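This briefing is meant for a reader meeting the structure for the first time. It takes up a pair of packed helices, then the ligand surroundings, then the domains.

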Amino acid sequence: MNLKTAEKNFSDTFAEIDLKIFNKNFLKVRKYACRKNADTKICSIVKANAYGHGMNVMAESLIGSGTDYLGTADYTETSELRNYLDSKKLYKTPVLCLGIITEKNKLLEDLACKNVEFSVADTSSAVILNKAAAKLNTKISIHIQVDSGINRTGFRMSDAYDAVKEITSMKNLKLKGIYSHFATSEIPGNLFAKKQEAEFRKLVKSLEESIIKFELRHISNTGGILNFNDGYFNMVRPGISLYGFYPDEKKVKNGIGIEPVMTLKSKVKFIKQLEKGESISYGRTYFTKNKTRIASVPIGYGDGYIRSFSNKAKIFIKGKLYNVTGTVCMDWIMADIGMKNEINVNDDVEIFGRNYPAYKLAALAETISYEITCNVSSRVKRIYI
Ligand SMILES: Cc1ncc(COP(=O)(O)O)c(C=O)c1O
């Protein structure tokens, strides 16, 4: 029997982004990152659409909070962000592109004239950037990316010294920074992270003694800031902590009081009563244990609420958590709300947020909170408060 019905309306599902909390998180991260070196600069990472929160708005907010740099993943993000900031007359804060530049990046010369700094992970990208800068009769600022153990991108430790020497002869490049990236910094005291840091520090010191002084030396992401802070490095690159999460909630030793910025919200849009033993959703993976009521909520894997939450996740309605029952559909989930009449159509639902944190959802899917917020799809409106 249908107790109450309402039309499905995608805008019932939205991500509420709290810019006040975002600002507070930034200040807490900066304070902690500066505990050994008060001059430590902050390169706030806004790649992947600011971990799903909306790159342009979050970047603008970070500039208001006092970030020194903004970090993007690739050419496209860098270009979009720089153009957005320039349109708002926010010229001053540099954007550091952490990705690889290739000959295919046709508008490179456009970016070279703007306040963008580039990562150089091999000599061929240095050559491309040097050529683009020479054509414009300008200099491009670069950060040498050294692979100290993550084995993703960057110069191998053994090649970095000679490569930097070679790049210093490229007249249109300014070697502004040098950086590396941790593989295991979320684990306090981790030996591999310590080894990465020690070897990278040794390399930078030897380069600075004999070849060139770098204005910026950086290695720490959030895990590095929390667990491996070293005053020798004078810039950090926090991402996830700005959005209110620790890289691994279970391994956090010293919390710094950050809070989630995003709350994913929806509404109950349909309620029906079922008898004991009836199945719910595709594949009939759930059967009601008793006579009960099922609430349908307009969110699904099309919104980034992944299918592996089926029969595992909870949702928060009117002060209580309820089990998601049956398979997550593209546009809907169902939850068993029992027979009491306290829930009605159009009641607010928290999918994740303060009452049901995204990291709890992440654990159910054997993933990390990064993936949960990044996954929130483009059809979910971001509402900034
Ligand atoms: C090069 C680099 N620096 C910094 C970060 C930020 O890391 P986190 O979000 O763990 O702080 C990332 C994120 O993936 C990264 O790839």
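This is a predicted model: local features need pLDDT of at least 70, side-chain atom pairs count only at pLDDT 80 or more; totals for chains, interfaces and linings use all residues.

- On the H1 side the contact involves Leu19, Phe22, Asn23, Phe26 and Leu27, which meet Met58, Ser61, Leu62 and Ser65 in H3.
- Sorted by class, this contact of H1 with H3 comprises six nonpolar and three polar residues, with no charged residues.

**Ligand surroundings**

- The residues found around the ligand are Ile45, Leu98, His181, Asn221, Thr222, Gly223, Arg237, Pro238, Gly239, Ile240, Ser241 and Pro247.
- By class, the shell around the ligand consists of five nonpolar residues, six polar residues and one charged residue.

**Domains and their contact**

- According to the domain assignment, the chain has domain 1, given as 2-15 + 261-384, and domain 2, given as 20-242.
- The centres of domain 1 and domain 2, taken over C-alpha atoms, are separated by 39 Å.
- Where the domains touch, ten residues of domain 1 are in contact with ten residues of domain 2.
- On the side of domain 1 that touches domain 2, helix H11 (369-375) and strand E21 (381-384) each supply at least two residues, and H11 gives the most, with five residues.
- The residues on that side of domain 1 divide by class into six nonpolar, three polar and one charged.

Note on methods:
Residues are numbered from 1 along each chain as its sequence is written. Two residues are in contact if their C-beta atoms, placed from the backbone, lie within 7 Å. Helices (H or I, at least four residues) and strands (E, at least two) are DSSP runs, numbered from the N terminus. Ala, Val, Leu, Ile, Met, Phe, Trp, Tyr, Cys and Pro count as nonpolar, Asp, Glu, Lys and Arg as charged, and the others, Gly among them, as polar. A residue is near a molecule or strand if its C-beta atom, placed from the backbone, lies within 6 Å of it. Domain bounds come from an automatic or database domain assignment.
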